[in-house]
Amino acid sequence: MGKRIIKYIKKIFYCLTGLIYSGDELCVICNGYSEESEALCIICSGKLRSCEESFYIGHDDEKYLAMSVFYYSNIIKELIIRLKYKSDFICGEILAKYMLELVKNNELQFDLISYVPMTKKALKNRGYNQSEFLANYLSRFLNIKVIRNLIKAEDTKDQIGLSGEQRWNNTEKCFEIEKSQFIQNKNILLIDDVITTGATAFHCAHSLKEKGANNIYVLTIAKSNV
Ligand SMILES: [Zn+2]
């Protein structure tokens, strides 16, 4: 219980600092000097590797276009860990801003934003879903609604240590769609933090498609090969 309260306090603090605090001059990664309104210094931002090519997840019969802002690297890993496990919403906002830029630069067109869900139990433990946080940020700046009807029904085993094929089987059939009337013929942007084999995003996209969505595009912060 205490843990959840601390998370809520952090959330409130994040909202307040967003209102009164404009532009930190210290890099969030190394504490070095960063230009005004830049979250990372030149050295840290220079280490980021942009993932400029889109790619497909799935197979010939069913595949979905996916994009990632960066390749996985130590700096991106650190930012994601802080958002995901340390309730650091400032880092979350930095990452979400990069995603927003990618959407704008590629002129992606979609009607709704969705995100990879967590089980109720996992959500209760963490207090928030990092992918939902990113989706909410995009929603705010693009003025496109977030649809919360993708449900993670079963608790999958941890993906770490599983082979590519095992990961696909591990996440199959664990996502469900509620209120499918709201996604009929809609183009949907599906948000996740990291894409590895693409199994999780594929099964989410598959569930949306199966229940009537039109095109689904997957957008993640990072693309990882491990
Ligand atoms: Zn730095």
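**View 1. Asparagine 31, an exposed loop residue.** With a relative accessibility of 55%, asparagine 31 counts as exposed, because the cut-off for that class is over 50%. This view, like the others here, comes from a predicted model. Look for asparagine 31 in the loop between H1 and H2. Its phi is positive, about 65°, although the residue is not a glycine. For context, most residues other than glycine have a negative phi.

View 2. Serine 87 sits in the loop between helix H3 (74-85) and helix H4 (89-105).

**View 3. A negative surface patch.** Glu25, Glu35, Glu36, Glu38 and Glu101 together form this patch. One of its members, glutamate 25, lies in the loop between helix H1 (2-20) and helix H2 (42-46). Glutamate 25 is partly exposed, at 41% relative accessibility.

**View 4. Helix H8 and what follows it.** H8 covers residues 199-210, and its 12 residues reach 16 Å from first C-alpha to last, close to the 16 Å expected at 1.5 Å a residue. Its buried residues include Ala199, Phe202, His203 and Cys204.

**View 5. Glutamine 166 and alanine 199.** Glutamine 166 belongs to helix H7 (residues 164-171) and is partly exposed, with a relative accessible area of 41%. Glutamine 166 and alanine 199 are 33 residues apart in sequence, and their C-alpha atoms are 9.6 Å apart in space. Alanine 199 is buried in H8.

Terms used: Residues are numbered from 1 along each chain as its sequence is written. This is a predicted model: local features need pLDDT of at least 70, side-chain atom pairs count only at pLDDT 80 or more; totals for chains, interfaces and linings use all residues. Side-chain values use heavy atoms; hydrogens and water are left out. Patches are made of residues with over 30% relative accessible area and no salt bridge: like charges are joined within 9 Å, nonpolar side chains (Val, Leu, Ile, Met, Phe, Trp, Tyr) within 5 Å. Accessible areas come from the Shrake-Rupley method with a 1.4 Å probe; for residues, only the protein chains shown count as cover. A salt bridge is a side-chain nitrogen of Lys or Arg within 4 Å of a carboxyl oxygen of Asp or Glu. Lys and Arg count as positive and Asp and Glu as negative; His and the chain ends are not counted. The place of a charge is taken as NZ of Lys, CZ of Arg, CG of Asp or CD of Glu. Helices (H or I, at least four residues) and strands (E, at least two) are DSSP runs, numbered from the N terminus. Buried means under 20% relative accessible area, exposed over 50%, partly exposed in between (1.4 Å probe, protein chains only). The expected span of a helix is 1.5 Å times one less than its number of residues.
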